[in-house]
Amino acid sequence: MIELRAVSKNYNGRRVIDSVSLRMERSERVVLFGPSGCGKSTVLQLIAGLTLPDLGEILIDNELVARAHKNLREPEERGIGMVFQDLALWPHMTVAENIEFGLRAKRFPHKQRAQRVSEMVDLVRLGDYLNARPAELSGGQQQRVALARALALTPRILLMDEPLSTLDDELNRQLRQEILRLHDDLGFTLVYVTHSRDEARELGSRTIFLKQGRLDGEQS
Amino acid sequence: MEKRLTLWAAAAALAVIGLLPLLTMVTNSLVVNGVFSLQAYQALWESGSEQLALMGNSILLSLYVTLLATIMGVPLGILLGKTDLPLRRSLTALLTVPLLIPPYVIAVAWFALIGSGGWMSSVAPEASKHLATAFFGLYGCTGVLFTAFMPIVILLTIAYVGAVNPRLEDAGRLVSGWGGVLRHITLPSIAPAILFAAILVFLLTLGEVGVPTYLRYRVYPVETLTQFAAFYDFSAATAAAIPLLAITLALLALEYPILRNRTSELRTVMFGGRAHIKLGRWRFPLLALVLAWTAVTVALPLAVLIAQSWSASAYADAFARAGGSILRSLVFAAVGASLLMLVGFFGGYLIHNRTLPVWRGVDALTLFLFTLPGTVVGIGLISLWNTPMSNFIYSTPAIIILGYLAQYAVLPTRMTSAILDRVPRSLEQAAQLSGATWFMTLRQVVVPLARRGLIAVWIIAYVFCLRDLGVSMVVYPPGSDTLPVRILTLMANGAPSLIAALCVILIAVTLLPLGAVALWSGRTNP
Amino acid sequence: MKYAPWIALALLIAAAIALWRFYSPSGAPTVVVYVSHDQVFSEPILKDFENDTGIKVRAVYDTEETKSAGAMNRLIAEKSNPQADVYWANEPIRAEVLRQQRIAAPYVSPNAEGIPATFRDPDGYWTGFAARARVLIVNTSLDQRPASVLSYTDARWRGKMVIANPLFGTTTDQIAALFVLWGDERGRSFMQNVHDNGVKASPSNGDSADLVARGEFAFSLVDSDDVINRMKQHQPVDLVYPDQGADEIGCFIVPNAAVLIAGAPHPEAGKKLIDYLLSPDTEGKLALSDAAQIPLHPGVPPPAQLRPIESIKVMDVNYAAVAAKLQAIQPFLKSWVAGE
């Protein structure tokens with residue numbers, strides 16, 4: 001489903017991803033685990049197409065989407081949703097507008113957009129906050145908006161970059177359950193980046209270890 | 001695809017508007033009677049020692065003015081942009097006024113105050129004598145130009161100081177007073193803006209001719225002007241302008257390492273408002289200081305202008321003489337500022353994201369164009385656009401707008417680049433992943449978040465377009481002069497009361513629209 | 001309110017397009033004139049021309065040379081695609097430069113009749129009118145007065161003299177005229193002596209006049225209108241016509257000059273404007289105005305404070321020779337200024 005073939009990436013002369021090859025199956029829950037700076041977030045950026053590989057190839061559903069220095073499929077064409085580390089919620093838009101944005105971009109009709117927003121908001125249990133702005137929400141609520149936004153277009157792949165790292169234990173646990181439930185309901189492939197063993201244990205059906213930009217083992 | 005195409009189009013536009021006229025001038029300077037010749041450059045080389053001395057004078061003057069403008073302008077900008085000082089908006093508007101007046105007029109106003117026969121000579125004749133002597137030369141030039149250009153530092157400091165991540169300042173406040181926070185957190189985070197403001201002041205001073213000539217201080221740009229005015233030698237004038245390229249490259253070489261060595265970008269948290277420093281018991285003493293400063297640097301020369309123009313007949317004559325130049329100035333400046341904002345936005349995006357390999361070239365080109373004397377830019381525009389085929393541009397105000405775009409593109413590109421620095425890249429990436437086109441992302445995510453900064457870009461561009469003399473003077477279509485040009489042409493034997501009244505009108509027509517923009521901005525961004 | 005900036009931008013663009021269309025040349029009769037004579041004085045004349053003839057005047061005005069490089073450089077830069085029909089020069093040397101650069105076209109106006117041949121190009125490339133005299137402005141507090149340009153080398157006046165920047169304007173013209181009259185060697189020697197006698201350079205004739213009026217210097221060579229203006233402001237100055245003695249060189253006269261531009265877009269309208277500028281009426285207006293110009297047509301009264309042209313001993317020079325000499329001595333003058 002997602003395949004990286006000998007992918008390498010440099011930043012400012014430093015090799016951050018070094019000839020990494022891995023494969024993730026459809027609907028699988030894969031955790032990328034490793035210390036800070038090992039290249040986990042870069043792998044997500046590469047899969048999303050937000051950054052280009054210097055070497056190697058990236059395939060999604062057996063289609064070549066990127067090779068060295070070139071995207072063959074732009075990010076918006078890969079059917080990917082992403083929850084960023086800083087959540088990247090648009091502060092000037094309401095919760096509803098944040099979720100609706102992708103639907104408008106894909107030119108969904110108004111009625112369909114309204115319905116989908118409603119579904120997403122119910123899914124993440126934020127029905128009372130449709131017209132609130134991100135600044136008015138708690139950390140956990142913001143996380144859920146980010147999730148809802150990422151899932152609004154029914155992506156085949158959901159990338160999550162340390163989304164729960166700033167939350168307290170209780171909220172973290174609740175949201176882990178939420179993510180698992182959504183995965184069961186919607187069946188997307190989940191690629192989850194974390195440096196927390198608890199999160200890796202609970203969320204990943206398979207954990208891939210990264211160290212200094214290289215693969216350092218796997219665990220199912 | 002659309003992103004690359006648009007950014008290439010922006011780069012191409014800047015190349016056509018700015019680089020082509022320059023290349024035309026340089027090409028023409030290498031051809032004498034149809035044959036390749038380095039004559040002009042040889043002559044420049046041969047007068048090397050004299051040119052070096054003049055360049056030394058110019059650089060010295062520019063350094064003094066830049067230093068003073070930065071040392072005074074940054075604290076003033078912080079006081080006006082980040083504290084609860086009373087009357088902040090009015091003082092900001094007032095302190096901007098010197099930027100709007102031709103520096104030469106400021107010099108004349110100061111001389112009317114302190115020179116022999118002036119106000120001070122009747123009150124303190126000895127002091128007036130000493131001051132008048134000191135006024136002619138480096139110190140007088142420094143004083144006049146520092147008051148003329150300091151508003152640039154103030155405005156840019158105000159524009160950026162309010163956008164510093166308040167959480168970072170809050171974290172600092174837990175362990176330090178505001179002094180430490182300003183020194184170690186706020187100022188470093190707006191260092192690029194301060195550096196840019198300093199560069200602008202340096203370059204504007206470097207290119208200034210009127211004030212040094214009036215105050216008898218010999219500077220390098222006079223060489224270019226002399227080649228034009230005395231010799232009508234365009235080749236020599238172009239050759240004389242080329243050493244300024246070395247100055248541009250030196251400034252860029254200075255800038256890049258400083259900017260590259262900055263620690264991680266300090267981004268604005270979009271969720272919080274700006275932090276205001278409460279001055280407490282210092283509020284009114286500092287207000288008194290700022291008022292005193294404003295009185296000396298703004299109110300006094302302004303008072304001279306108003307005193308000289310203090311009659312209904314002076315203003316009636318001024319309005320009659322100004323004719324349509326007032327409306328033309330407003331419209332040209334507004335159109336120029338809007339187009340600068342548009343081209344500059346994409347240019348700034350290009351530089352900020354380094355999307356295309358030519359980003360460094362675009363940055364260097366815009367800075368070099370700003371460095372060039374307006375006369376050189378103007379003659380370059382004539383060389384390129386004055387053809388029967390392009391007459392529909394050359395013989396219309398479009399040529400003035402092109403002149404503004406060429407000369408001032410550096411302002412919106414650099415400012416936009418700094419503004420985009422404060423919009424987290426992940427917000428754009430999230431929009432892209434959501435399926436938005438690049439234009440949709442710009443329209444619905446980037447521009448709304450950058451709006452406040454873009455308004456500041458428009459205001460700065462407007463002020464520079466409105467006060468422009470160098471380029472406008474050379475290219476304005478017959479009968480379409482702007483108000484600053486008209487003031488300068490009427491200065492030759494125009495009555496002092498007339499010139500003073502015209503300057504007051506210029507200030508008023510500049511501040512009124514700015515006031516309207518500021519008011520609208522204040523209502524929509526409480 | 002959300003769309004206010006977009007509406008404002010759309011309105012601006014609409015205004016810009018409207019303005020562009022408005023400024024595009026229309027069918028109404030038009031003449032384009034580039035003017036080096038001070039706008040304060042020249043604009044009223046051009047407005048009168050508009051009212052009298054119905055021909056719309058579109059003008060480009062000049063500034064003092066030290067502040068910019070306007071009309072002349074534009075004319076030269078636009079040579080391949082002229083925009084101007086007429087050039088109103090404030091001195092004939094510029095007109096000569098245009099003739100030499102083949103930017104001027106010959107036109108002998110009927111109103112040129114009566115203007116002395118000295119003040120006209122023989123082939124009609126330019127015609128002089130409404131002149132200034134290069135005179136000495138002196139502070140009235142002086143016991144003795146200078147009477148010649150050679151006073152600049154007189155030790156009596158050491159350090160008390162000022163002169164406008166000799167790289168620009170009528171000062172350059174006069175120095176070039178002296179070189180033509182005396183020859184290069186004597187001309188250089190004169191300038192060296194002037195320098196050694198402690199002369200100060202000011203940015204312009206106007207500044208020189210002000211410095212003398214304030215008593216900071218004893219005298220200066222300026223244009224006659226500079227003196228008249230200070231007199232009208234009741235400043236303590238007086239005027240001396242230099243070198244009026246029988247064996248002396250005479251006073252250098254600087255007429256305005258009307259030039260028809262080669263390839264002018266509106267040549268017929270241009271000729272009408274030249275006719276108007278050269279008319280005795282226009283000379284009379286310029287004499288009466290603060291421009292204080294001396295008419296060259298006989299019988300037209302000069303400004304009250306000035307003599308008629310017939311009663312001034314005029315320096316006998318050929319302006320074409322002066323123009324050529326001016327360009328030749330520029331490098332010398334440049335180094336003279338640098339050494340000042």
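Residues are numbered from 1 along each chain as its sequence is written, while chains are lettered from A and ligands numbered from 1 in the order in which they are written. Because the model is predicted, local features need pLDDT of at least 70 and side-chain atom pairs count only at pLDDT 80 or more, whereas totals for chains, interfaces and linings use all residues.

## Chains

Two residues are in contact if their C-beta atoms, placed from the backbone, lie within 7 Å. Two pairs of chains touch, and the most contacts are between chains B and C. No contact joins chain A and chain C, and the closest C-alpha atoms of these chains lie 13 Å apart.

## The five-stranded sheet of chain A

Helices (H or I, at least four residues) and strands (E, at least two) are DSSP runs, numbered from the N terminus, and two strands pair if DSSP finds at least two bridges between them. In chain A, five strands make an open sheet with antiparallel pairing, in the order β2-β1-β4-β5-β6. At its edges stand β2 (14-24) and β6 (70-71) of chain A, each of which pairs on one side only.

Strand β1 (residues 2-11) of chain A runs antiparallel to strand β4 (residues 55-60) of chain A, and five bridges join them. Across this pairing, Glu3(A) has Leu59(A) in β4(A) as its bridge partner, and Ile2(A) stands opposite Ile60(A) in β4(A). Strand β5 (residues 63-67) of chain A is joined to β4(A) by four bridges, again in the antiparallel sense, and here the bridge partner of Ile60(A) is Glu63(A) in β5(A). The hairpin of β4(A) and β5(A) has two residues between the strands, and Asp61(A) takes a positive phi near 50° in this hairpin.

Leu55(A) also belongs to strand β4 of chain A. A residue is buried if 20 or more other C-beta atoms lie within 10 Å of its own, exposed if 12 or fewer, and partly exposed in between, with C-beta atoms placed from the backbone. Leu55(A) has 17 other C-beta atoms within 10 Å and is therefore partly exposed. Leaving aside neighbours within four places in sequence, Leu55(A) is in contact with Ala6(A), Val7(A), Ser8(A) and Ala68(A). Val20(A) is 35 residues from Leu55(A) in sequence, and the two are 9.9 Å apart in space, C-alpha to C-alpha.

## The six-stranded sheet of chain A

Another open sheet of chain A has six strands in the order β7-β8-β9-β3-β10-β11, with mixed pairing. Its edges are β7 (80-83) and β11 (214-219) of chain A, each with a single partner strand, so one side of each is left without a neighbour in the sheet. Neighbouring strands of this sheet are turned by 20° against each other on average, direction ignored. Within the sheet, strand β8 (residues 157-161) and strand β9 (residues 189-194) of chain A pair in the parallel sense over five bridges, and Met160(A) stands opposite Tyr192(A) in β9(A).

Helix α4 (residues 139-151) of chain A packs on the sheet and touches β7 and β8 of chain A, its direction making about 170° with that of β7(A). Such angles run from 0 to 180 degrees between N-to-C directions, and axes are lines fitted to C-alpha atoms, for helices over the stretch in contact.

## Packed helices

| Helices | Angle | Axis distance |
|---|---|---|
| α20 (residues 374-385) and α22 (residues 398-408) of chain B | about 130° | 10 Å apart |
| α2 (residues 95-105) and α3 (residues 110-123) of chain A | roughly 130° | within 9 Å |

Angles under 35 degrees count as roughly parallel, over 145 as roughly antiparallel, 65 to 115 as roughly perpendicular and the rest as oblique. α20(B) and α22(B) are therefore oblique to each other, and α2(A) is likewise oblique to α3(A). In α20(B), residues including Val377(B) and Trp385(B) meet residues of α22(B), among them Leu402(B) and Ala406(B).

In helix α10 (residues 178-189) of chain B, Val181(B), Leu182(B), Thr186(B) and Ser189(B) are buried. These residues cover an arc (that of the directions from the helix axis to the C-beta atoms) of only 95° around the axis, which puts them on the same side of α10(B). The face turned away from this buried side carries the exposed residues Gly179(B), Gly180(B), Arg183(B) and His184(B). The buried residues of α10(B) pack against α3 (48-82), α8 (138-161) and α9 (166-173) of chain B.
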